[in-house]
Structure formats: structure tokens, C-alpha cells
Amino acid sequence: MTPVPSPRFRISRHRRLAWLGSALACGLSLLGLALCWLNPAIHAPLRPGLDFTGGTQVQVERDCAPCKAVTATEIRQGLTSLNLPSAEGERAPNLSSASVQVLDGGRSLLLRLPALGADQSTALIDDLAARFGPLIKSGTSVNTIGPTLGSRLLQGSLLSLLVSFVGISVYISFSYSGIFAVLALLCLAHDVLITCGLFAWLGLLQGIEVDSLFAVSLITIAGYSVNDTVVVYDRIREQRRTLGELPLIDQVDVAVDATLTRSLYTSFTTLLPLVALIFFGGSTLFWFAVALTLGIAVGSWSSIGLAPTLLPVFAKR
Amino acid sequence: MGRQQGWFALILALTIASAALLANYGLQLGLDLRGGSQLTLQVMPAGAITRVDTEQLEAVKEVLERRINGLGVAESTLQSVGNDQLVLQLPGEQDPSQAARVLGSTALLDFRAQKPGTEEEMRGLLGLKRQAESVLRAKRPPSPGDDPTAPPPPEAPPLSQQDLSRALTSLGIEVPAGSSEVDQIELLLRETNRRILSLYGPALITGKDLTSAGRQQQATGSGWEVTLGFNREGGEKFAALTQSIAGTGRVLGIVLDGRSISEASVGEQFKVAGITGGSASISGNFSAEEARDLEVQLRGGSLPLPVKIVEVRTVGPSLGAENIRSSLVAGLSGLVLVAVFMAVVYRLPGIVAVVALSLYALFNLAIYALIPVTLTLPGIAGFILSVGIAVDANVLIFERIKEELRGGNTLIRSIDTGFSLAFSSIFDGHATGLISCGALFFLGTGLVKGFAVTLAIGLLLSLFTALTCTRTLLRLLMSYPALRRPTYFLPARQLPPAKPAAAQAGLA
């Protein structure tokens, strides 16, 4: 019924360029991860945040307009002389390793400290209130994460990522074939790697840390990437019936061409709310939205330029 | 058409039910959105127990629940997580330090009698202890519950630096170089406590013998005391215990979590029958706050296993409010843009999709209210992402319909084929998404779980709305001949020139 269509856009003509682009991006990402690892201050592929390292993070907001300028060193000096209450048989933590950030032109202070007990963080906030107050009571936030909890979180995130990899590849192997699963996972790894690479560079250059939300974004990207790739696969599978005689490379071109509009529109509509989150969302979700935006952009790239074009190469028997 | 109308009635009923559900139940906001504190408690194995199992976790939880009720924080929730953790949420509570104090200690209370022949040593130790305590108290700021007009407690003779070092040497304590005075006094207190404990006999009465606990201001001085009521057996034991030491100069020790908190001598007049009546009071020179904490702990009973607070998160309500407002604005503006895009690109079906997606959002929120799902920031993010995937399902279908139309098919058949051809890719995409959600939900921690739940609900609903709502609404519209025009689906120049009459009429 359908005549053999001649695709307007042949992805296989541009496949070398597509591969080169992806290889470059992956290389840069690996370099970023390696540099991050080699950096003595980080010593991990990504700069880990409070969620993974454990510790206490105290944020206070000062009730003043305009605020008297304070410097991070000024705050840190006060910390070393602070006498924290300590529980029986335990020494009060040493605060000299604290990191201090002054945000919003001195309006809000962010302190990263070793893990503190409830009494200890109250004492610390009282001290900050006495020295830099008055503070807005409702603007105070204290987060404490025990060191074991951080590693548990990391393990949980990695494990869930791994399990979803396995689950997805089993699903694709069953409903398509093994080679489709391998390539889908390759693309997925490509998307996750490039997102991690960006944050490795951000960690190196801007001091951006990754938290548990970043882990969430990676898993989301993985899911999206597969979702996007599967649509192209579905087209190829469907065409096997009508275009069976055509070389695989042409089948791929037809499938990509037929799904191209959909892929671009879908990425565009998914990116719209995310970009809105970047611009209007709260500070808490900013880096989460950045990670998802990049991941989804890269994900739709790999499902157009990578997964289908690699198929004829790998499927050669 | 009958089946179509059936579906339409179902959609209408669901819409009304969802709206009613939302109006009646409302949404539960997580602590990151409304402000409050969250404490994670780790139950630690102790003694013969090397692994904490669910039964022990439940026992700990029961005690903690009683203590939390004693604290009187509205709407607090305590949930067990995994095998050995409990998560306590205190909405609106900005200062979790009291909760942490009250929940964190085991509160194992017992009464012991001093061993005979140790009177001299005990007197010296108690003297040191009183001195050290009063120095520490002088350095501590007054607690808010104390009556500022009350006279200060009787002062023990001040402890000079010289006395302090002599006392430390006499107890054989090595003082680390450079330690402050407070550190030294704490060292002294720890050592005296250890020695006082060694002078006591075995525990004779425990917290299990208590029936009630209360607190009152001391008749003399500004301190508070905690009052105890014993059960019958406990009362008898208490009488026997006090009788055994009455008039001897030996003391009755009250020990809480391995710390001697009160040492009382019993007067000569109780030599005959001991202190009867089944009640006692602990006058450990408590501040108002300490007395209240101890009362709550004793009422709740002691913990079968010790707990450790491994995580405390506090979010101010203003931070939460700012977050929810900006996230909502972002989400809504993003969705409005998506709606505009759909209507412009896909024309009539695009508008249908916008209606279907609005219903989709409504159903989502209704399910959040029904289950109930506590909405957190990651949860909102999961929702926004699921909207993206729901839109994708519609895009897939409409692209297919357009393709069929371009291929020269009639309108009605194009719609049917579009839906059936798009189904397999929609299904595969949703299935892989759900697999990821499952991994996240079962293996991830709190934040990640919230995200997985909203995304999974979104994916399941999106299958329903894309395949049922959009389809039913579109079919319904197609029953009006005036709307049955291919140009409502795609620009005229993309239509094949052949068979225009048949396509217009919508006939096969």
C-alpha cells in the first residue's frame, strides 16, 4: 500500500559528523570527571554535596535592609572561639574546617559544618544571631546528615540506576532484540556521561555540588533517553514488514525521517516547562532543571543521531 | 456512537469526582514546601541484639510515639523506614532541639542503694560533684521556663582553679594540654559520676515500676523536681529500699541512662517502715525544660534499644513558601506555553489535546489527594516531567494522523490508524519509564521516592488520557460534520490532491 518512501532527510549521510560530535562531547566529559578526581580538594568524579558527604548545613537570613557587610573570614573566626555544648563522652566537633558563604549581598549566610547535634546547631544559630543578628526566624534552615546516611544515599542511587538499566535492557531485548538493547544502553550511558561531564566542569570551575536531586535527574534522563530512542526503534520494527528488502541503513533513514518532527516537537514541549523552571523556579530546583534540560537535549540528540545510525554498523552479521 | 458516549460519560464522571475529591481533601504539602523539621532516627543494636528487626523497630516506635504525644506538636508523623530507621516529621516546628533531646535518649531509670562502708568516699565525691555542677550552672544562660525572681539555689563554695586541679589529680585524671576550664569541669563530673556509680548496689526499682510522672517547682530554691508514682509492687520495693538505708547516712541513688542524677539521704524516722505511699520525687536541681523533658521520657517509658539521630532537616516556612510559589509559576507558565504550541501546530486535535491534558492534570492532583501523596519539590518536578511525556503521547498520535492524511487516507480512518499505530511506541516508552520508577521507588531514599511516585502516577494516567480522553473527545467532535475537515488537522498544501471529495466527506 505504501510506496517505498524517499526520506527528505537522510541521517546516515551525516552520521560521521554525528559520531564525531558525540565522541568530542564524551571526551570532554571524561576529561572533566578525571580532572575533578585528580583535584585534591574534590577527589571524586563530581563535587559531592551535603547529601553525600554528611555534615550540617545552616542557612540563616538576616533581618536588615541594607545589611552591614560581613565577610566569610569574619564569620569563620567567630566559629573557632565558639564553645558548643557536647554530649556525655563525646567531644564537640571542631568548627575550623567550616566553609562559609555570604549570599544576597550579606542578607543570607550559608555555613557548611561537620555534623552537629540539635543542641549544638541551636547554640551556633544563637551565636550567629548575637553577632550578625537580628535574624528572620522563619528564614532559618538547618540540615544535618549523618556520614553513614550519605553513603547509603549514594549506594541507593547508584543501585537504582543500575537496576533500571538492567530492567530496561531486559524489556527492550524482549520486545525488540538484544542489539537494540545494547545500543539503547549505549545512548543512555552517553546522555548520562555528558550530563555528569557538565557538572564535573561546573564543580571544577564554579564549585557547583551534586546532591540527591542530581541523582534523581540522572535517572530521569536515563528514562527519557530510552523513551525517545524506543520511538525510533518502534518505527524500524514496524517497517520491517513493508520495507523488508531495503538495506537496514535505508530503513533507518526512513524511520528517522518519519519520526523527526515528533522527536523535535516532543523535546521542545518537554524542555518548555524545564526552561521555565530554570528561569522562574526557586533556587532549590535551579541546578536540577539545568541537569534535566541538558540531559533531555542530549537525549533527543542521541536518539536521532546515535542509536539509529549505529544500528547498521552493529547489526552486520 | 454508543460506546463513545459511554466513554464520554465516564470521563465526565471522573472529572466531577476528581474536582470533588480535591475540594474536600486538598493536597498534602511536604515539609520542604510548608516549613518544619524532619528527624531521622537510627535504631542501634545493643547488648544481645546484633541486628535490629521489624519487631524491635515497632517497639521503639511505640515508645517514641508516646513521647512525641507528650511533646504536643500538632500533626507530627512518625514513620518507619527500612529495617532500622524512623523518620519523624514535625510540620511548623522550627526548633527541633527539644524533640531531639527528648527522643534521643534511652530514658532508662532505676533506683539503687549505696553499698555499706563507702560513706566517707561518697561524701567527698558528692561534694565535688555539687561544686562542679554549680560552677557549670553559673556559666550557663538561664532557661526560659525558670522564674527569674526566685532566689538562686544555695551556692556551694566556689571552685577555684587551684581546687580544680587538686581535685582532678586526686581522682587520677590526666588533663589534656590546652583544655578550657569548662572541659576540665566536665572531665571531673564524668569521673565523679563513674565513681559514684561504682559505690551503688544493683538496680532495685526500674522505670517499669512507674505508673505516672509529673513535675513541680521545688518548695525551696528556683529548681524543678520530677514527681513519680509507683505501682503497688514498685511502692513496696521503694519502701523496702528506703527502709534499708534510713538513718545510716548512706544515700539512695537515682540513675538515668548510666548517670547518677540524684542522690538522696533518707531520714531516721523512716527506719521502721521505709517511705510508703507509692510516690517519690527526684530533686536533681532541674531547670524547667529539663524537668519537662524527663517527665515526657518517663511517661513514654524507656526505649528497648538506643537510638541515634542521623539526620535533621529544618526548612523555614518562608523558604518553603517561596519555593512553592516560584515552582508553581514556572510549572504553569511552562504548561501554558505547551498548550499554545499544541493548538498552533496541531489545530483542532491540538485543542482537544489541551483539554485532555488539563483533565490529565486534574486527575493527577485528585490521585495525590486520594492516596495521599505528600507533595515535595522533587514530586512537583516528577509531575512536570510526566506532563512532558503525556504531551509526547499526543504528539505521537497526531503526527501519525497527519502522516495518514498526507498518504491520502480519509479523516476518520486516519484518526483510527493514527491511534492504533502510535500505541506500540507510546506503550514501550511508558513501560520503560515505569521500570525506572520502580527501581527508584524501591531502592531510592525519601526525596527520590517522592519523585518516583508522582512520575509513576503521571505515566499511568498519561496512558489513560492519551488513549481514552483524547480519542473520545476527538471522536465526539468528529460526529459533527462541520468539524470533519482535514484542514482542521493540517495545512491544505500538505494534503494530497487526489480524492479530495472523499476526504472531505469523511467516508471510506
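1. How many bridges join strand 5 of chain B to strand 6 of chain B? In this predicted model, strand 5 (residues 109-114) and strand 6 of chain B are joined by 4 bridges and run antiparallel. Within this pair, B:Arg112 stands opposite B:Ala203, a residue of strand 6.

2. These two strands belong to an open sheet of 4 strands in chain B, with the order 6-5-9-10 and antiparallel pairing. Strand 6 (200-206) and strand 10 (259-265) of chain B are the edge strands, each pairing on one side only. On average, neighbouring strands of the sheet are turned by 30° against each other, direction ignored.

3. A helix of chain B also belongs in this picture. Helix 7 (residues 181-198) of chain B lies across strand 6, strand 9 (251-256) and strand 10 of that chain. With strand 10 of chain B, helix 7 of chain B makes an angle of about 60°.

4. In chain A, the point to look at is a pair of helices. The axes of helix 7 (residues 212-242) and helix 8 (residues 248-280) of chain A cross at roughly 135° and come within 9 Å. Helix 7 and helix 8 of chain A are therefore oblique to each other. The crossing of helix 7 of chain A past helix 8 of chain A is right-handed.

5. Helix 7 of chain A contributes A:Asp228, A:Val231, A:Val232, A:Arg235, A:Ile236 and A:Gln239 to the contact. From helix 8 of chain A come residues including A:Gln251, A:Val252, A:Ala255, A:Thr259 and A:Arg262. By class, the residues of this contact are 8 nonpolar, 4 polar and 3 charged.

Note on methods
Residues numbered from 1 in each chain as written. Chains lettered and ligands numbered in written order. Predicted model: local features only at pLDDT ≥ 70, side-chain atom pairs only at ≥ 80, totals over all residues. Pairing = 2+ DSSP bridges. Axes fitted to C-alpha atoms, helices over the stretch in contact; angles between N-to-C directions. Contact = placed C-beta atoms within 7 Å. Parallel < 35°, antiparallel > 145°, perpendicular 65-115°, else oblique. Left-handed = near helix turned anticlockwise from the far one by under 90°. Nonpolar A, V, L, I, M, F, W, Y, C, P; charged D, E, K, R; others polar.
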